[in-house]
Amino acid sequence: MAEALCTYIKNDRPFLGICLGLQLLFESSEENGPVDGLGLIPGVVGRFNSLNGFRVPHIGWNALQIEKDSEILDDIGDHHVYFVHSYRAMPSDDNREWVSSTCNYGDDFIASIKRGNVHAVQFHPEKSGDVGLSVLRRFLLPKSQGTKPSQGKASKLAKRVIACLDVRTNDKGDLIVTRGNKYDVREQTKNNEVRNLGKPVELAGQCYKDRADEVGFLNITGFRYFPLHDLPMLQVLRDTSENVFVPLTVGGGIRDFTDANGRHYSSLEVASEYFRSGADKISIGSDAVYAAEEYIKTKVKTGKSSIEQISRVYGNQAVVVSIDPWRVYVRSPNDVQFKTVRVTKPGPNGEEYAWYQCTVNGGREGRPIGAYELAKAVEELGAGEITLNCIDCNGINNFLVFQTIPPLSNCFQHDMTISYNCLFFSFENFIKSLFLHLQTMVNCY
């Protein structure tokens with residue numbers, strides 16, 4: 001296969017490599033290696049240096065610096081494109097003739113190459129929205145015409161706005177998007193029906209049209225059921241991925257499971273079905289709490305937790321841990337073994353400190369672990385991203401949860417996002433959050 005591919009490329013046949021498809025063109029890679037590449041481009045693919053303060057993996061929308069004309073990049077201009085990777089190739093005098101664009105993440109790395117009809121990109125055009133589709137279109141239809149934009153202002157990693165859709169069945173059995181007030185999703189009416197914001201696929205499509213950077217589905221009752229029996233949710237992913245060209249995350253009930261027939265399914269099998277149905281990342285909630293508790297107690301990585309299983313096969317950039325904490329007031333940091341923060345508004349009995357207790361089962365049960373301790377543990381187990389959802393502040397436009405962001409962000413070396421209910425969350429607080437130690441921001445629908 002390698003020999004045939006090398007011959008094909010050396011004959012200047014049309015070729016487009018994406019992400020790993022760019023990296024394999026180089027001489028070798030340090031990932032799980034060293035391992036040999038095809039050796040067509042001089043250079044070694046190495047891991048990003050996290051010692052300079054940049055979090056690894058490199059996840060998100062970043063800008064390109066165009067080095068030379070490359071037809072497939074003609075429509076990019078000042079737009080960002082979507083990256084998700086831990087390893088990169090660096091430009092050098094030996095490979096300069098191949099480099100068509102670079103990107104900066106701590107250092108300038110190779111974002112794309114071109115020579116003749118051979119193209120490769122480190123970013124994901126299929127997840128980069130309309131501008132990404134233009135890259136694919138120009139490769140497939142090289143003579144297609146378009147207006148070449150001027151180089152614009154995009155120059156660094158952008159903040160992400162992520163549309164997070166809470167999905168569940170209503171009392172009629174229909175799969176709907178809902179939203180809660182402190183996780184209560186039922187209307188305060190005589191019928192007490194589940195709040196219905198619309199159909200998941202349609203709303204995801206609208207979020208994409210409204211230029212959301214990512215879309216997430218959280219099956220908020222998934223902890224009750226076996227996800228692989230949730231065929232409507234799998235179909236939602238398939239239908240959404242056909243028309244939404246940004247990263248998709250799905251969560252809810254991802255764990256080891258034994259069905260009524262005694263058949264055991266690992267969390268990796270559950271996640272794999274989600275990935276096959278169109279997900280780019282999976283979000284783990286309750287199971288991550290249990291895994292973190294066990295790891296903190298034993299200090300042993302068994303390799304059996306859902307985080308370890310999935311990150312080992314798909315990479316830590318594919319694993320998001322969703323933290324659902326509530327605030328517990330204490331008089332002194334010495335009163336608890338968990339990380340505390342000094343609150344700006346005293347508690348009901350004049351307490352000046354609080355810790356954030358993690359919960360499971362959709363915020364129904366508190367566990368003996370804090371958000372800070374959980375974040376540190378899941379990162380060591382292999383999580384690449386965390387999402388913070390504060391139960392106390394859900395749906396009530398309360399800024400107090402932001403007190404947890406600096407300590408969490410400082411302890412967690414990967415991406416951290418914060419989730420809010422924008423039906424109730426003010427635009428002013430949205431803007432404030434963008435300046436609080438965050439690379440990213442989750443905008444809940």
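Which helix is T240 found in? Select helix α5, residues 231-241: T240 is there. This is a predicted model.

Stay on T240. The residue is buried, at 1% relative accessible area. Show its contacts beyond the neighbours within four places in sequence: V201, A204, F217 and L248.

Still in helix α5, pick R238. R238 is partly exposed, with 30% relative accessibility. Its side chain meets that of E273 in a salt bridge, 3.6 Å from N to O. E273 belongs to helix α6 (residues 267-276), and the two partners are 35 residues apart.

Next, colour the open sheet. Its four strands run in the order β3-β2-β4-β8, with mixed pairing. Which strands stand at the edges? They are β3 (35-36) and β8 (87-89); each has a single partner strand, so one side of each lacks a neighbour in the sheet. Zoom in on β2 (residues 26-29), which pairs with β3 in the antiparallel sense over two bridges. Select S29 and its bridge partner in β3, V35.

Move to strand β10 (residues 107-115) and select K114. K114 is buried at 13% relative accessible area. It forms a salt bridge with E71, the closest N and O atoms being 3.9 Å apart. E71 sits in the loop between β6 (65-66) and β7 (81-85), so this pair ties together parts 43 residues apart in sequence. E71 is partly exposed, at 42%.

R115, also in strand β10, is the next stop. Its side chain meets E97 in a salt bridge of 3.3 Å, N to O. E97 lies in the loop between β8 and β9 (99-105), 18 residues apart from R115. Both count as partly exposed: E97 at 48%, R115 at 40%.

Methods. Residues are numbered from 1 along each chain as its sequence is written. This is a predicted model: local features need pLDDT of at least 70, side-chain atom pairs count only at pLDDT 80 or more; totals for chains, interfaces and linings use all residues. Side-chain values use heavy atoms; hydrogens and water are left out. Buried means under 20% relative accessible area, exposed over 50%, partly exposed in between (1.4 Å probe, protein chains only). Contact means heavy atoms within 4.5 Å. Two strands pair if DSSP finds at least two bridges between them. A salt bridge is a side-chain nitrogen of Lys or Arg within 4 Å of a carboxyl oxygen of Asp or Glu.
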